Amino acid sequence: MPDILHAVPRVIPGELPLLPIRDVVVFPSMVLPLAVGRERSIKALEAAMAGAHLVFLLTQKRTQADDPQAQDLYSIGTVCEVLQMVKMPDGTMKILVEGVQRAELKEFLHLADKNYVQASINPIIEESARDVEIEAYMRQSVQLFDQYVKLNGRIPLEVLNSLPTITDPSKLADTLASHLMLKTPDKQKLLETVGVKTRFEKVVEVLGGEIEILNVERRIQSRVRTQIEKSQKEYYLTEQMKAIQKELRQKDDFTKEVAELKVKIKDAKMTKEAQEAAEKECERLEKMMPYSPEATVVRTYLDWMVSLPWSVRTKDDLEIKAAEKVLNDEHFGLEKPKERILEYLSVLKLVKKIKGPILCFVGPPGVGKTSLARSVANSLGRNFVRMPLGGVRDEAEIRGHRRTYIGSLPGRILQSMRKSKSKNPVFLLDEIDKMGSDWRGDPTAALLEVLDPEQNGNFADHYLDVGFDLSEVLFITTANTLFTIPPTLQDRLEIIRFAGYTETEKVAIAKGFIIPKQVKEHGLAQDQFKLGDSELRVLIREYTREAGVRSLERHVAKICRKTARAVADNPEGKLPVLDEKTVRKFLGIPEYHRENRVQNDVGVVTGLAWTEHGGELLTIEVTSMKGKGKLTLTGKLGDVMQESAQAAVSYVRSISKKLSVKSNFFQENDFHIHVPEGAVPKDGPSAGIALGTAVASLCSGKPVKKDLAMTGEITLRGNVLPIGGLKEKVLAAHREGVKTVLFPDSNNKDLEEIPSEVLNAVKMIPVKTMDQILKHALGI
């Protein structure tokens, strides 16, 4: 048993062992057990026990400090007498202390040889005289504390019963303060309050505030308890009512809803797997509370299951001539895509059912990819649904979210199938090249199953968790470029390329489609708006430069608005004649000047480039200045194009004798190759022969022939390798007034795709070597 140490009146020394404590404030006359574990604290206790059994307790400001210094401790604490001390088996100590008197820390004394801290203190002495005001404070504080104890419920009643026996005002104030449920800083403020009257004021203020808070808490608890009892009562009555209705064989709304779902499941004619899953969920729903969250989740799932077109399909219109007429009426040109659609119809007519092909329309914007897909649906008599994929980065957008997530839904594939209301729609996946991927998954990988005819007969959506047949869907995808589509996805696509339109085709499209549409949308009569071929050609040449017809349509709409304004201002007056002068007046200053595009000269060559917006002309400039043979490349060129430039320079150096160039010309001059429009990134090998021709022109001093453009990859031996996108490049050359195009001999096969009117206007010269190119371009 531990020794019991009795306190005897004594004078408090000026120095005492210091014992820092955490998360507790000790008041005078307060008896408190403490656990001591820090080595310095144990040494301090041993020193105290060897002396007067007194120790100075200071509360830490920072509880996490294991070796607190003076700045980590409050300056005022309590001198305590150690009444009891027990040494535990793990080396720690448990002590019982009683507060004796307040004291202020004067100095922090480290005793290195004894491994504990000695504190120099100044005891705080208070007057304990009682007057009328003190007596009033004592009575009020005891009354408030009585209310506080009854509301709090965590303070023993013995404390309340012991208060009448305390006659010393200071002791009463400290006793009340020690039993308040306050935070450590707030209790420390009460300890630091010197003066009995001031301390009583603070105690009364704190008690009043705490009582108010406890009253609010009790009201809240009472309100919550009432609500819970009400909910339990409603549940009990609801269950009783259901039991009564069951006895009377009456069905409530929830039962009717479940019965309706069962009928819908049967009428949906799902697959066996899907029907079993739906019926199982329906049985679960019957056993649930109607308004429980889980019932809502199951009800939503069943709504999706019964609303999908499991067996609903539209009847295909397999009249080939009629389908061909629909395609021709809605689109001008585009012979290859139309031919492929008619082939599909022909096979479908013979075999009745085939696996849907996955067509991919690739071409620049505005050439009719999306609108042709809609026309395919019209020609087949099928429903049409479009799903834009631009910016999609989450795999769950395709496959759906699992039902464990709040607010989960099927993926956009099945959402679109629900909108289509048939099992065999024409399904357009628009802008498939604009998808991305991040930490949420790769949606292009999820599309592999959707777009594979061998797998999509049992497409598994994470939300439904059963297979859905997509094999009868005619999928059509669109893209501006194939570079951003993964090869594994490309392998599942049947690529159909859309090149740009020629000027003649644009005139025909404007007259047959764009003008009638815009005239109708702007409320004009056919006789109020007439644009002839010459006016349309002015519009195309001077105000648009594109592969498609979107900009053309915008400019026609602008002319329609100007005409509508004239009609509205003067309904009975004479309308403006839409000749070339009026067109220029309505549209403003021409945006493009064809004569400025081809500027061949010494060291300047026009190349041809392919972009996802169609073909473009590429001006290449080379200049030289005195130097040491340094080569500078500018114009935001990619790595491949920079390597082509270096190969071109090396080739020209190898034939310098043939060009009659001085032997030291390359050693004494620096060369600068620049491709204008420096803010636009450029890359690819197809500008190789143009780069070589520009350098050869500069070295020989001979200008490049006017109205000539070229495309092809160059080798160090001067051979010309094939390139892609010849049709788009030639259309761009024709659009800009180029008369002659030099192209790789290996691309002769691509001439079949170029319209005859373009081939008649542009002289196409196939070349195999740079010698042939220099002969045609420079006359060497």
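Ser29 is partly exposed, with a relative accessible area of 30%, in this predicted model. The residue sits in the loop that joins strand 1 (15-21) to strand 2 (31-36). Beyond its neighbours within four places in sequence, Ser29 is in contact with Glu98, Gly99, Val100 and Lys171. Between Ser29 and Thr715 there are 101 Å, C-alpha to C-alpha, for a separation of 686 residues in sequence.

**Strand 4 and the cysteines**

- Gln84 belongs to strand 4 (residues 76-87).
- The relative accessible area of Gln84 is 23%, so this residue is classed as partly exposed, the cut-off for buried being under 20%.
- Gln84 and Leu176 are 92 residues apart in sequence, and their C-alpha atoms are 24 Å apart in space.
- Cys80 has a relative accessible area of 0% and is buried.
- Cys560 is likewise buried, with a relative accessible area of 0%.

- The largest nonpolar core contains 54 residues, and Leu447 and Leu451 have the most contacts inside it.
- Helix 9 (residues 293-307) gives the most to this core, contributing seven residues.
- Leaving aside neighbours within four places in sequence, Leu451 is in contact with Ile358, Leu429, Ile432, Phe475, Thr477, Leu489, Arg492 and Leu493.
- Arg299 is a residue of helix 9.
- With a relative accessible area of 17%, Arg299 is buried, because the class takes in values under 20%.
- The contacts of Arg299, apart from neighbours within four places in sequence, are Phe254, Glu257 and Pro290.

**Helix 12**

- Ser375 is located in helix 12 (residues 369-380).
- Ser375 counts as buried, at 2% relative accessibility.
- Apart from its neighbours within four places in sequence, Ser375 is in contact with Val326, Leu327, Glu330 and His331.

**Packing of helices 19 and 20**

- Helix 19 (residues 550-569) packs against helix 20 (residues 580-587) at an angle of about 95°, and the two axes are 10 Å apart.
- The two helices, helix 19 and helix 20, are therefore roughly perpendicular to each other, since angles of 65 to 115 degrees fall in that class.
- Helix 19 brings His555, Lys558, Ile559, Lys562 and Thr563 to the contact, while helix 20 brings Val583, Phe586 and Leu587.
- Sorted by class, the contact between helix 19 and helix 20 holds four nonpolar, two polar and two charged residues.
- An α-helix has 3.6 residues a turn, so residues three or four places apart point the same way.

**Helix 24**

- Of the 10 residues in helix 24 (residues 726-735), nine are buried, so the helix is largely enclosed by the rest of the structure.
- The buried residues of helix 24 are Leu726, Glu728, Lys729, Val730, Leu731, Ala732, Ala733, His734 and Arg735.
- Gly737, which follows helix 24, has a positive phi, near 85°.

Methods: Residues are numbered from 1 along each chain as its sequence is written. This is a predicted model: local features need pLDDT of at least 70, side-chain atom pairs count only at pLDDT 80 or more; totals for chains, interfaces and linings use all residues. Side-chain values use heavy atoms; hydrogens and water are left out. A nonpolar core is a set of buried Ala, Val, Leu, Ile, Met, Phe, Trp, Tyr and Cys residues joined through side-chain atoms within 4.5 Å. Buried means under 20% relative accessible area, exposed over 50%, partly exposed in between (1.4 Å probe, protein chains only). Helices (H or I, at least four residues) and strands (E, at least two) are DSSP runs, numbered from the N terminus. Contact means heavy atoms within 4.5 Å. Axes are lines fitted to C-alpha atoms, for helices over the stretch in contact, and angles run from 0 to 180 degrees between N-to-C directions. Angles under 35 degrees count as roughly parallel, over 145 as roughly antiparallel, 65 to 115 as roughly perpendicular and the rest as oblique. Ala, Val, Leu, Ile, Met, Phe, Trp, Tyr, Cys and Pro count as nonpolar, Asp, Glu, Lys and Arg as charged, and the others, Gly among them, as polar.
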